[in-house]
Amino acid sequence: MSNMKHDAIVEQGIPIHERVPIPEELIPADSRVEIDAKIHAGYFTTGKVMNMVELSEVQGRAWEDVDVSFNRSHLHFPMRLPMI
């Protein structure tokens with residue numbers, strides 16, 4: 001939870017008894033960029049908050065790792081391309 005959400009909840013009189021960080025082993029490798037940016041922006045952590053230089057060095061997935069092929073077996077409904 002972000003500090004902004006935490007503070008808004010507490011200001012309304014709702015107690016938060018414990019803040020728990022996301023365990024590192026539950027963060028997928030391809031989510032690292034997003035999580036590190038959120039922590040830098042104010043999400044709760046008991047770990048290290050990266051500075052801007054460190055954040056600029058974080059690498060996400062490369063385009064080579066992303067399958068952008070069109071495969072009709074993934075569709076949940078028939079798709080008529082000429083009608084689009």
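Biologist: Which residues does Asp36 touch, leaving out those up to four places away in sequence?

Modeller: Asp36 touches Met50, Leu55 and Val58. Keep in mind that this model is predicted.

Biologist: Where does Asp36 lie, and is Asp36 buried or exposed?

Modeller: Asp36 lies in helix α2, which covers residues 32–41. Buried means under 20% relative accessible area. Asp36 has 8% relative accessibility, so Asp36 counts as buried.

Biologist: What about Pro23?

Modeller: Pro23 lies in the loop between α1 (3–11) and α2. Pro23 counts as partly exposed because its relative accessibility is 34%.

Biologist: How far apart are Pro23 and Thr45, in sequence and in space?

Modeller: Pro23 and Thr45 are 22 residues apart in sequence. In space, the C-alpha to C-alpha distance is 9.7 Å.

Biologist: How does the lining divide by residue type?

Modeller: It holds 11 nonpolar, 3 polar and 5 charged residues.

Biologist: Now the whole chain. How many helices and strands are there?

Modeller: The chain has 3 helices and 0 strands. Along the sequence, the pattern reads α-α-α.

Biologist: What share of the chain is buried?

Modeller: Of its 84 residues, 11% count as buried. The accessible surface is about 7,400 Å², and 59% of that surface belongs to carbon and sulfur atoms.

Key
Residues numbered from 1 in each chain as written. Predicted model: local features only at pLDDT ≥ 70, side-chain atom pairs only at ≥ 80, totals over all residues. Heavy atoms only, no water. Nonpolar A, V, L, I, M, F, W, Y, C, P; charged D, E, K, R; others polar. Helix = DSSP H or I, 4+ residues; strand = E, 2+ residues; numbered from the N terminus. Buried < 20%, exposed > 50% of the residue type's maximum accessible area, 1.4 Å probe, protein only. Contact = heavy atoms within 4.5 Å. Areas by Shrake-Rupley, 256 points an atom, 1.4 Å probe, with all protein chains shown as cover.
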